[in-house]
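Visitor: I would like to examine this model residue by residue and strand by strand. May we begin with the display?

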Amino acid sequence: MAKGFTFKQFHVDDDGCGMPVSTDGVLLGAWAELPRQGQIVDIGTGSGLLALMAAQRTAALPCTISAIELDIAAAKAARHNFAASPWPARLHCIQQDIVHWMATQPAHSVDAIICNPPYFNSGLQADCEARATARHTDNLSHDVLLTTIQHLLTTEGAASLILPEYEGRQLLQSVAAYGLHCQRLCAVKSTEKKPASRLLIALSPVRCARTIADETYQEEQLCIHDRGQYSSDFIALTRDFYLKL
């Protein structure tokens, strides 16, 4: 039996990666703002899940996907998964620190960014170095992430992220200092009765048409489960990917 996770159009072998395939990643990959043409960058690709989902969603469009990954083992896994996918010519894994890679790129040259970033700012780190790197902001602080987004995005581009609710609210308080605005915000709850645990965030250099002077915006909501089953909203968002939906 193949290791990893099989989706409808591709397989992800996440062996040796700091973060395995997760619901967070699938939610972001399905929800993210993607262009109709141009360059998509996946920051911290890990096993390549988000890049593969972007490739599937833009299969009929002239888009290329650059997947940046610091960890050697994860980059190797991503390259393997890309080569085995239906879109190997459009997927490129670059094993490099995002700060160094960004410095080689022209300003405002990327049409979309997707990132499931590290989010722990403090506390105990995982014993596994790869998992610690994937979960803690030591190697990708939110300051570095927002600076990267500011430098790379085109005026019409969007950066889509997923963060725990608290860390997401903290990041949103900082985006204006980088010339960015929240275009979309979706609070994710496991059930209707529980508080939001994750935020899906879309940032852009351009103020959203729905945004008013005090930077408020319409907040969406997504519940994953409803009465012990996947909710209709969750199914509608992810059915193109999960085998059993």
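Visitor: With which residues is Asp13 in contact, leaving aside its neighbours within four places in sequence?

Guide: Asp13 lies in the loop between strand S2 (11–12) and helix H1 (23–31), where helices (H or I, at least four residues) and strands (E, at least two) are DSSP runs numbered from the N terminus. Contact requires heavy atoms within 4.5 Å. Beyond its sequence neighbours, Asp13 touches Lys3, Gly4, Ser47, Ala77, His80 and Asn81.

Visitor: At which pLDDT do side-chain atom pairs count in this predicted model?

Guide: Residues are numbered from 1 along each chain as its sequence is written, and side-chain values use heavy atoms, with hydrogens and water left out. The model is predicted: local features need pLDDT of at least 70, totals for chains, interfaces and linings use all residues, and side-chain atom pairs count only at pLDDT 80 or more.

Visitor: Which backbone nitrogen does the side chain of Asp13 reach?

Guide: A polar contact is a pair of N or O atoms within 3.5 Å; within protein, one must be able to donate a hydrogen and the other to accept it, and residues adjacent in sequence count only if both atoms are side-chain atoms. At 3.0 Å, the side chain of Asp13 reaches the backbone nitrogen of Asp15.

Visitor: In S5, which residue is the bridge partner of Glu69?

Guide: Glu69 is placed in strand S4. On the S5 side, the bridge partner of Glu69 is Gln95.

Visitor: Which word applies to Glu69, buried or exposed?

Guide: Residues are buried under 20% relative accessible area, exposed over 50% and partly exposed in between (1.4 Å probe, protein chains only). Because its relative accessibility is 9%, Glu69 counts as buried.

Visitor: Which backbone nitrogen lies 3.3 Å from a polar atom of the side chain of Glu69?

Guide: Apart from neighbours within four places in sequence, Glu69 is in contact with Gly44, Thr45, Gly46, Ala74, Ala75, Ile94, Gln95 and Gln96. The C-alpha atoms of Glu69 and Asp42, 27 residues apart along the chain, are separated by 8.6 Å. The nitrogen 3.3 Å from a polar side-chain atom of Glu69 is that of Thr45.

Visitor: How many of the nine residues of helix H2 are buried?

Guide: Helix H2 (residues 49–57) is mostly covered. Its buried residues are Leu49, Leu50, Ala51, Leu52, Met53, Ala54, Ala55 and Gln56. Of the nine residues in H2, the buried ones number eight.

Visitor: In S10, which residue is the bridge partner of Val188?

Guide: Strand S8 (residues 181–189) is also mostly covered, with eight of its nine residues buried. S8 pairs with S9 in the antiparallel sense over seven bridges, and Leu185 stands opposite Ile201 in S9. S8 and S10 run parallel and are joined by five bridges. In S10, Val188 has as its bridge partner Leu222.

Technical notes: Two strands pair if DSSP finds at least two bridges between them.
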